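This briefing covers a few local features of one structure, grouped by topic. The sequence and structure come next.

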Amino acid sequence: MNIQEALLARSKAYTPYSKFKVGAAILLKDGTYIHGANVENGSYGLTNCAERSALFSLISQGYNPKDIVEITIIGEGPKPISPCGGCRQVMHELIPHTAKVFLANLNGDFKETTVTELLPYGFD
């Protein structure tokens, strides 16, 4: 788990409407980190979450999702932040089921989980 990388990703968020910044940092086998941040739009349906931003960036940069070791997701809240349903499905498809998923908040609380635990009946 790398909270500092997730915080760096969070600092890149574009949230003029909700002010709710989320960051996601993906660690690859070779030590590379891929960042994702939530990007809002006045039409909320066009908003993109940090997890999907990171995963889509990883693929568009030519990295192999099979090389994902872990993902750390951080946002403000009383307990560790959890991905939305759409992100859970994308994570289920793209992140190896052996990879670690860390959910965190700004208070230092975190939970370790997996994509299978987040979405036990995801579409395969």
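E70 is part of strand 3, which spans residues 68–75. The model is a predicted one.

**The acidic residue E70**
- E70 is buried but forms no salt bridge.
- The nearest side chain of opposite charge belongs to K100, 5.9 Å away, and a salt bridge would need a nitrogen-to-oxygen distance within 4 Å.
- Apart from neighbours within four places in sequence, E70 is in contact with M1, N2, A25, I26, L27, A99, K100 and F102.

**The aromatic pair**
- One aromatic pair is found when the whole structure is searched.
- Y17 and Y44 form an edge-to-face pair, because their planes stand at 85 degrees, with ring centres 6.2 Å apart.
- This pair links distant parts of the chain, its members being 27 residues apart.
- Y17 sits in the loop between helix 1 (3–10) and strand 1 (22–28), while Y44 sits in the loop between strand 2 (33–37) and helix 2 (50–60).
- Y17 has a relative accessibility of 46% and so counts as partly exposed.
- Y44 is exposed, since its relative accessible area is 51% and the cut-off for exposed is over 50%.

**The backbone at K19**
- K19 is in the loop between helix 1 and strand 1.
- The phi angle of K19 is positive, near 65 degrees, in a residue other than glycine.
- Most residues other than glycine have a negative phi.
- K19 is exposed, with 58% relative accessible area.

Note on methods:
Residues are numbered from 1 along each chain as its sequence is written. This is a predicted model: local features need pLDDT of at least 70, side-chain atom pairs count only at pLDDT 80 or more; totals for chains, interfaces and linings use all residues. Side-chain values use heavy atoms; hydrogens and water are left out. Helices (H or I, at least four residues) and strands (E, at least two) are DSSP runs, numbered from the N terminus. Buried means under 20% relative accessible area, exposed over 50%, partly exposed in between (1.4 Å probe, protein chains only). Lys and Arg count as positive and Asp and Glu as negative; His and the chain ends are not counted. Contact means heavy atoms within 4.5 Å. Rings of Phe, Tyr and Trp (its six-membered ring) pair if their centres lie within 6.5 Å; planes under 30 degrees apart count as stacked, over 60 as edge-to-face and the rest as tilted.
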